[in-house]
Amino acid sequence: VKRQAAFSMLAGVWMEYSSAKFAIERVELECRSDPTVLPLKPVRIYPSHLKACLRNLEITYTQRMFSEFEAILRQYWAVLKRGKTRRTLTETLIHRLSAALVISDIIRVQTHAVREYRNQLTHHARNVNAIPLSETIGRLNRFLKFFPPQW
Amino acid sequence: MPVASAKNNKSSRAEWIAELSAVVGEMASWAREAGWLVHERTVPIDEESMGKYKAPGLQIKTPIDHFFVEPLGRDICGAEGRIDLYAWPSMYRAVLIRRGGKWLVRDDNYKAWPTRWSRKTFLDIAQTLTSKR
């Protein structure tokens, strides 16, 4: 795996989010003047579904992006441990990789904040301090910058 | 922040900047002796233990390409400080890690550089990284 490919994986999720947001906003705008653009089959979609989709889109893609990031961490960790890995908690994994890759504390802390935010989203926690997706990709990329160019 | 803690932070920050200035200054001298153009720059750093400060860094024009010396800070997992050395625009990197009061050199895979930190090692890193394609 190349470090560049890891960056591209996260960028790919960002582009999917941007495309989905653009498409939903476009359809939502269109259906205001012509509600017949919404399908009746195979499922009937109402304007309220589009609004809900738009409202939750960033949350959905935050979870997607973090799961791609987690997969990259696990892949690298397996290489470091020559495949002899047990199921390690993501929190522990971030700690161990931070030590192995001599990562700045501030970057480790910011990455943990994204992980905690993802956990809160997964468990439907209320009153969470949201981290925008644009900030999420920045923080995860800064962590990946410490990885070797290839592994 | 309590006054005593702020004072401690200030003194440890001053010590760290002095430490950085010494090692970065040494690299600047070695690069100039090699006939390379050296531009001294400052790198803004924000760390929990020391707050915001400006660290000394370098931009060097070697005969092949640009080479950067960029301190990342003192609050580092598993080390007492880190300085990145990288070629630009290829971004090939080596890392200087402070451990036990010594600067250790690692390549981009975090494996030990074949030689200890010295003038020769610094010039070797700059030449190796800027020539990689």
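A:Glu28 and A:Arg32 form a salt bridge whose closest N and O atoms are 3.5 Å apart, a salt bridge being a side-chain nitrogen of Lys or Arg within 4 Å of a carboxyl oxygen of Asp or Glu. Both residues belong to helix H1 of chain A, 4 residues apart, about one turn of the helix, helices (H or I, at least four residues) and strands (E, at least two) being DSSP runs numbered from the N terminus. A:Glu28 is buried at a relative accessible area of 10%, whereas A:Arg32 is exposed at 59%; buried means under 20% relative accessible area, exposed over 50%, and partly exposed in between, with a 1.4 Å probe and protein chains only.

This is a predicted model, in which local features need pLDDT of at least 70 and side-chain atom pairs count only at pLDDT 80 or more, while totals for chains, interfaces and linings use all residues. Residues are numbered from 1 along each chain as its sequence is written, chains are lettered from A and ligands numbered from 1 in the order in which they are written, and side-chain values use heavy atoms, with hydrogens and water left out.

| Salt bridge | Closest N and O atoms |
|---|---|
| A:Glu28 and A:Arg32 | 3.5 Å |
| B:Arg93 and B:Asp108 | 2.7 Å |

A:Arg3, B:Arg93 and B:Asp108 are linked in a network of salt bridges. B:Arg93 lies in strand S5 (residues 93-99) of chain B and B:Asp108 in the loop between S6 and H2 of chain B, so this pair ties together parts that are 15 residues apart in sequence. Both B:Arg93 and B:Asp108 are buried, and A:Arg3 is buried as well.

Across the interface of chain A and chain B there is 1 salt bridge. The contact, meaning heavy atoms within 4.5 Å, takes 17 residues from chain A and 14 residues from chain B. The two chains bury about 1200 Å² between them, 54% of it on carbon and sulfur atoms, where buried area is the accessible area (1.4 Å probe) that two parts lose on being put together, summed over both. A:Val102, A:Asp105 and A:Phe146 supply 39% of the area that chain A buries against chain B, more than any other three residues.

B:Asp75 lies in the loop between strand S3 (66-73) and strand S4 (82-88) of chain B. Leaving aside neighbours within four places in sequence, B:Asp75 is in contact with A:Ser104, A:Asp105, B:Glu47, B:Glu48 and B:Ser49.
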